[in-house]
Amino acid sequence: MDTLSKKIIEWSNGISQHGKYHYFRKKITPFAFVGPALLLLGIVLLYPLLYSLKISLHQWNMLEQSEPIWIGLGNYLRILGFEEFWSALGLQLSFVVIAVIFELIIGFAVAILFNREFWGSQVARALLLLPIFVLPVVSGMTFRFIFNPQYGAANFFLEKLGLGAIEWLSHPKTAFMAIIIQDIWRMWPFMFIILYAGLSGLPKETFEAAYLDGASKWNTLVHITIPLLKPTILIAIILRTVDALKAFPEIFVMTGGGPGTSTTLLSVHIYKYAFNFWDMGYASAASYILVFIALIFTTFLVKNMYRE
Amino acid sequence: MFGFKEWSVWKKVLFYLVVLAILVVELFPIYMVVSTSLKPKIKIWTSISPFESFKPTLTNYQNILFERSFLDYLKNSGIIAIVTTIISLGLGSLAAYGFARFKFRGSGTLSLGVLVSRMIPPITLSLPIFLLVSRMGLLDTYGALILAHTSFSLPYVIWLLIPFFKGVPGAFEEAAMLDGAGRLRVFISIFLPLVAPGLVVAAIFSFIMSWNDFLYALVLTSSTIKTAPVAVSGFMGQFGPDWGMMTAAGTIILLPVFLLALLLQKYIIQGLTFGGEK
Amino acid sequence: MRKRNLVLLVMAFLVLSIIGLSGCAKKEDEQTYSGTTIRVLVWADAHTEAVKALIPEFEEETGIKVVFEDLPSSNLTEKIAMNLVGKTGTYDLVAIDEPFMPKFAEYFVPYTEWSEPKVLDKKIDLDELVEAAVQGATWKDTVYGLPVNGNIYMMIYRKDLFENPTHQQAFKEKYGYDLKQPETLEQLLDVSEYFYQPENGLYGWGPFTLTSEGVTVETMWVLRSFGTRILSDDLQPVLDKEKAVQAFEYYKQLLNTSPAGKLAFGHPERIQAMNVGNLTIMLQWPGIIPDHENEEESMVAGKVGYMQNPAGPGGRAAITGVWALAIPKDAENKAAAAEFAYWWASKEAGEKLVKKGMSPVRKDLLTDPDLQKEYPWYQAQLENFEIGVNRPRFPEYSEISDVVRTYFANALSGEMTSEQAVNEMDQKIKEILEQNGYLK
């Protein structure tokens with residue numbers, strides 16, 4: 001260990017000797033750990049977050065050189081009766097729910113499968129991570145190409161399997177499927193790696209004991225692995241959901257939000273209002289509604305995280 | 001897990017077949033990207049079968065590396081991603097430990113609050129962050145992007161690590177504390193090695209988030225520290241993408257991260273043995 | 001100290017004497033720019049790539065250092081907007097796409113106020129440029145930028161197929177007149193239907209349907225050709241619903257002759273389908289034509305013909321898409337920026353840039369016989385500029401565009417009847433106009 005950390009440790013040990021600060025210390029210690037991160041986040045994000053919250057209470061077209069006009073909850077009220085918003089939100093939620101469920105199932109299954117050392121296991125695991133590393137725009141463009149009815153690989157394989165060709169991006173339902181397939185492909189390895197790391201961290205002897213007790217694989221999975229892994233699973237779901245709620249470039253590149261509005265997820269909708277219509281007040285309000293939904297969802301999962 | 005060595009040959013063969021099948025399906029789009037990057041332009045359009053043979057060419061790579069100074073952009077991306085990862089991991093693991101091992105007033109709200117920055121669409125935040133950075137006079141500097149990226153990967157790192165810290169049995173901590181070790185020492189010498197798998201995953205993700213970021217790089221930097229993703233999106237072109245250059249750049253971008261994932265894996269395994277010792 | 005002063009003095013003397021010796025007035029002017037750096041932010045394509053390559057020449061000639069950034073257009077607009085709103089003064093010269101000019105105009109210096117050049121002979125006279133292009137840089141009778149890229153959505157077709165005797169004979173038998181460049185929309189439909197021969201891997205019309213601005217342009221073209229438009233010049237809704245329904249129905253017929261995936265055709269799909277020889281006829285931007293004519297990526301290079309867009313019941317129409325260079329009001333080096341723009345728009349630079357795929361807006365370039373020989377579409381481009389019309393020009397254009405493309409797509413996909421689509425489109429447009437206080 002280098003001298004700096006030694007010093008820090010001596011220093012922290014030194015402080016702990018002072019009994020009279022004990023109570024104070026107990027209150028302050030957590031903040032010593034949490035504080036630096038909060039400070040950095042505060043410096044960088046407090047202003048932008050408050051700014052956009054403020055803008056969401058104004059009518060403000062970004063490019064007009066007039067001051068934003070205070071309209072209170074006007075933007076939020078407008079959203080209440082705005083069909084386009086609700087349809088975009090509905091699409092967004094279906095997208096997230098379907099994609100995250102598939103990603104979780106595939107990721108978990110593969111994590112269990114890969115949770116052993118075999119020939120080439122390290123390379124195989126690293127290879128599985130490649131899709132996450134692909135730039136979203138490149139991924140979107142590649143899938144647009146794959147889903148091309150005439151030249152794309154998707155129909156090439158479908159035809160090889162004796163199934164008919166599909167005009168993927170031409171029809172609302174298949175286009176929606178296409179953007180979900182793209183997301184599942186790119187992001188199940190995310191679930192995989194988190195769950196794999198979680199599995200690696202589980203105490204081995206529990207499993208050995210279960211094995212010796214003659215518990216079936218399935219029972220071990222349901223009664224031991226999943227409960228032990230529950231916090232990690234929930235965190236993986238939270239992180240993935242929070243990101244899927246704002247998936248944007250890959251979808252925009254694939255479909256532009258069409259055909260019609262069938263793939264105009266809320267994230268695309270917000271982009272349209274922010275950078276096409278320059279209606280920052282509305283876009284900010286819509287964003288905060290998204291944040292609100294994500295918060296409710298997260299709180300719900302967190303509450304359940306450590307409950308048996 | 002265990003028992004792999006005792007498996008019968010058939011079971012092993014079946015296992016490898018399944019692994020292979022997963023890899024083939026999952027890597028197919030990557031194969032598309034890489035093979036496209038090696039194709040002459042006309043082949044990109046005309047290959048109906050993705051496995052049609054072609055004479056590979058390195059023109060696209062020559063183009064982006066020597067004519068479009070892609071290496072400079074990679075260097076910028078690399079510096080920003082590495083610094084971001086170090087800061088995020090340092091501050092993030094401290095904070096995750098704090099959230100996981102202490103019960104203090106407001107800890108729930110604070111940890112949720114931390115995540116809010118990831119919940120809000122970056123499109124909405126990009127304008128105020130641009131204004132902030134511009135007023136601080138940091139436009140087009142490494143610092144601006146590192147700060148921005150760190151602020152987005154920190155919440156991720158914290159949340160990712162919380163369950164790993166929580167998973168460490170309390171007895172460890174108490175024993176060490178009774179030995180007279182301070183909190184920080186317990187954190188560094190006991191907790192960090194135990195949560196190594198989580199740290200590795202967090203490192204990979206905070207690297208990749210910074211490495212792949214487009215919007216903030218677009219908004220906060222200009223020519224001086226242009227990053228690789230911004231350059232790639234340039235290959236998306238005005239009308240249609242320059243497939244050759246886009247996929248070549250997309251392939252080059254993958255390499256460092258792949259190596260990182262490969263290298264860092266051994267620490268996940270290390271975590272595994274640690275877990276075994278528990 | 002004294003020693004250094006002496007050195008400085010000697011150096012100053014040397015410099016002065018060199019200037020004195022050279023004695024040329026132009027040289028003195030150059031000095032006014034030395035040390036000046038301008039930052040330029042433009043779209044990214046072959047044209048700007050070529051400009052970038054020529055910058056050293058400009059720098060040497062003027063002493064101005066140019067920091068040149070290029071981005072895909074949507075990102076470009078975002079970045080320009082943020083810099084203008086944040087009043088950063090970072091950029092001295094930016095490129096603006098025609099439909100966005102009204103929204104951005106008040107941030108820019110009117111062209112008449114641009115300073116006279118010091119290195120070049122004179123300001124670019126806007127009469128040297130095609131009129132429709134200058135219109136594209138105009139907002140409320142004031143020109144806010146210098147057009148440099150003259151795109152116009154023009155018809156291109158497979159010349160080789162049209163000249164093929166077998167096709168000529170078969171076509172005549174079927175339709176009773178000679179196979180030739182379609183003069184009317186009816187003939188266009190005939191041609192598209194005739195060449196719809198999926199068994200030979202050949203299709204008729206190349207549509208633009210993937211949700212994006214391109215769909216709006218396609219809609220505007222067909223509406224204009226049928227003699228109606230969405231907004232009048234004084235921004236009143238003037239859509240003739242009957243004609244609009246006819247236009248939509250007509251386009252649906254064209255679409256029947258298109259290849260699979262026809263409801264999701266964007267630029268990449270169109271370029272690919274044309275280049276591999278699937279399409280017979282379509283509208284295209286001249287900026288993309290060099291891709292079709294490039295043997296390295298196109299199987300139809302040298303086989304493409306160009307023409308003025310055929311006439312519909314409402315006459316001929318072609319939609320313009322012009323990029324203009326504009327100087328933000330908060331730019332620091334306006335004079336140097338103007339100098340760069342003049343240089344870019346000059347005939348001399350243009351002669352070099354066209355070789356790399358620039359779509360000229362200069363009449364002298366478009367009419368140059370040598371260039372016309374080399375770039376066979378210039379004549380047609382010029383003819384299309386003559387019938388060139390802009391998309392509706394007003395700040396809320398993006399909202400209108402979004403409505404237009406959505407309902408056009410709904411009509412094409414059969415999700416709505418053309419009547420429904422036109423009615424709802426008209427309704428939505430009126431709402432937008434009303435909300436923004438344009439409705440009289």
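Q: About how many helical turns separate A:Tyr271 and A:Phe275 in helix α12 of chain A?
A: First, a heads-up: this is a predicted model, where local features need pLDDT of at least 70, side-chain atom pairs count only at pLDDT 80 or more, and totals for chains, interfaces and linings use all residues, while side-chain values use heavy atoms, with hydrogens and water left out. Residues are numbered from 1 along each chain as its sequence is written, and chains are lettered from A and ligands numbered from 1 in the order in which they are written. Helices (H or I, at least four residues) and strands (E, at least two) are DSSP runs, numbered from the N terminus. A:Tyr271 and A:Phe275 sit four residues apart in helix α12 (residues 266-276) of chain A, so what separates them is about one helical turn.

Q: How many aromatic pairs are there over all chains?
A: Rings of Phe, Tyr and Trp (its six-membered ring) pair if their centres lie within 6.5 Å; planes under 30 degrees apart count as stacked, over 60 as edge-to-face and the rest as tilted. Going by that rule over all chains, the number of aromatic pairs is 72.

Q: What kind of pair do the rings of A:Tyr271 and A:Phe275 make?
A: A pair of aromatic rings is described by the distance of the centres and the angle of the planes. For A:Tyr271 and A:Phe275 the centres are 6.0 Å apart and the planes sit at 80 degrees, so the pair is edge-to-face.

Q: Is A:Phe275 buried or exposed?
A: Buried means under 20% relative accessible area, exposed over 50%, and partly exposed in between (1.4 Å probe, protein chains only). A:Tyr271 has 4%, so it is buried. A:Phe275 comes in at 3% relative accessibility, so it counts as buried.

Q: How far from the ring centre of C:Tyr33 does C:Lys118 lie?
A: A charge sits over a ring if NZ of Lys or CZ of Arg is within 6 Å of the ring centre and within 35 degrees of the ring normal. A:Arg78 lies over the face of A:Phe82, at 5.7 Å from the ring centre. C:Lys118 lies over the face of C:Tyr33, and its distance from the ring centre is 5.3 Å.

Q: Which residues is B:Leu27 in contact with, leaving aside its neighbours within four places in sequence?
A: B:Leu27 sits in helix α1 (residues 9-37) of chain B, and at 17% relative accessibility it counts as buried. Contact means heavy atoms within 4.5 Å. With neighbours within four places set aside, the contacts of B:Leu27 are A:Leu127 and A:Leu130.

Q: Which residue just after α12(B) takes a positive phi of about 75 degrees?
A: Helix α12 (residues 228-235) of chain B is mostly covered, with seven of its eight residues buried. Among the buried ones are B:Pro229 and B:Phe235. Just after α12(B), the residue with the positive phi of about 75 degrees is B:Gly237.

Q: Is the crossing of α4(B) and α10(B) left-handed or right-handed?
A: Axes are lines fitted to C-alpha atoms, for helices over the stretch in contact, and angles run from 0 to 180 degrees between N-to-C directions. The axes of α4 (residues 70-101) and α10 (residues 196-212) of chain B come within 8 Å and cross at roughly 140 degrees. Angles under 35 degrees count as roughly parallel, over 145 as roughly antiparallel, 65 to 115 as roughly perpendicular and the rest as oblique, so α4(B) and α10(B) are oblique to each other. A crossing is left-handed if the near helix is turned anticlockwise from the far one by less than a right angle, and right-handed if clockwise; the crossing of α4(B) and α10(B) is right-handed.
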